[in-house]
Amino acid sequence: MYDVERFGIINTGNPKHADILLITGAINEQSKSVVENLYNQMPDPKVVVAIGACALSGGVFAECYNIMGGVDKAIPVDVYVPGCACKPENIINGVVQALSVLEEKHNKKKNKSL
Amino acid sequence: MNIFLILIAYIILTPLTGGLLTGLDRIITARMQSRIGPPLLQPFYDVAKLFSKENLVVRKAQNLFIIFHLLFLIVTGALFFCGGDFLLVVFAFALAGVFFILGGYRTSSPYSHIGSERELIQMMAYEPMLIITAIGLYMTTHSFNVFDIMSAGKPLLPQLLGIFLGFLFILPIKMRKSPFDLSMSHHAHQELVKGITTEFSGPTLALLEIAHWFELILILGIIILFFPNNVWLGLAVECAVFFLVILVDNTFARLRWQTVLKASWLATFILGMGNIFILSILKICHS
């Protein structure tokens, strides 16, 4: 059983409760505004993790007429997790790396306000 | 002076025990699902993190209502643990719940509105049982005062068995557990049932979490009232009840609101009213 809650992480569907956004697919014209909207609804500080070849660069769909490319075409990505398909251990590793990025962003925010 | 000491101890100890119990709950739940689960202090880390987050607000009033929700829960608990009137505790508790619902309604999200409606239905489901508990305690000890009830000197459980069971029945509603977790479940983070908290983020969400700790301790405190002559037995029963609720939470599916309302009113009527009926009959026989 793969359990991210042992790192204190809970899988939530609500962007307003979230710190880390996982995206597993490529971006097209239709999904771009949805992804941007979700990203903007998350309270700062926040981290984005792109999971899988499609989310990284568009993968095998990169040359399709409707695909714009990876997630970083729409929103800033902090952690890239390669693989097609990704192993669950890799995803957990990526999320744990995202935690340290989150910590860094949090410290930066604190220093700015001081 | 004594009351002030109790008050200070209450305000310091309640969030601590509430948070620890929540952490324990998360570990036990994870073990029941054959997972490892978070560290024991995770709820405190979560709250600390939420306070450092940005507070996204739809309407400013929503946060005000949540602050009042927390304040009235603290006042309710203070009334209870400082030996106030139990009937007043029940009403102040209801008022705190109303502020939560108002906060949910203040945001314009449809998810939040559905959550608020469900919270209102849940209040209708558990409120009669709380009042019957107060009546039952009055009939056996001739006082609504919490300290008077606690100094009754006789076990109340044999006389109030029905009311105790009825109270256990509505316990999952207030502890936000299956099968009665319609408006703010502990687990369903991806679903509509997390509804009422949808529009709350950052520090306000942290306040909600702390409010839930106060709620939990108050609800568990009421259980001790049934064991006035032996507090340790009361605490042991409390641990058993806490475990039982988590077990039920992990074995039962969520029910629909119609079933929740019908089942809890039926339990209130049969166990609660039945118990009061028997108590009155006994009283008439004695006199």
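Two strands are taken to pair if DSSP finds at least two bridges between them. The model described here is predicted.

## The sheet of chain A

By that criterion, β1(A) pairs with strand β3 (residues 47–51) of chain A in the parallel sense, over four bridges. Within this pair, A:I20 stands opposite A:V47 of β3(A).

The open sheet of chain A is formed by three strands in the order β1-β3-β5, with parallel pairing. The edges are held by β1 (20–23) and β5 (79–81) of chain A; each has a single partner strand, so one side of each is left without a neighbour in the sheet. On average, and with direction ignored, neighbouring strands of this sheet are turned by 20° against each other.

## Extent of the interface

Contacts between the chains involve 22 residues of chain A and 25 residues of chain B. The area buried between chain A and chain B is about 2000 Å², and carbon and sulfur atoms give 48% of it. On the side of chain A, the residues that lose the most area to chain B are A:E5, A:K16 and A:H17, which together account for 30% of what that side buries.

## Polar and charged contacts

Six salt bridges are found across the interface of chain A and chain B. A salt bridge joins the side chains of B:K49 and A:D19, at 2.7 Å from N to O. By class, the side of chain A that touches chain B comprises seven nonpolar, eight polar and seven charged residues.

Key. Residues numbered from 1 in each chain as written. Chains lettered and ligands numbered in written order. Predicted model: local features only at pLDDT ≥ 70, side-chain atom pairs only at ≥ 80, totals over all residues. Heavy atoms only, no water. Contact = heavy atoms within 4.5 Å. Buried area = accessible area lost by both parts, 1.4 Å probe. Salt bridge = Lys/Arg side-chain N within 4 Å of Asp/Glu carboxyl O. Nonpolar A, V, L, I, M, F, W, Y, C, P; charged D, E, K, R; others polar. Helix = DSSP H or I, 4+ residues; strand = E, 2+ residues; numbered from the N terminus. Axes fitted to C-alpha atoms, helices over the stretch in contact; angles between N-to-C directions.
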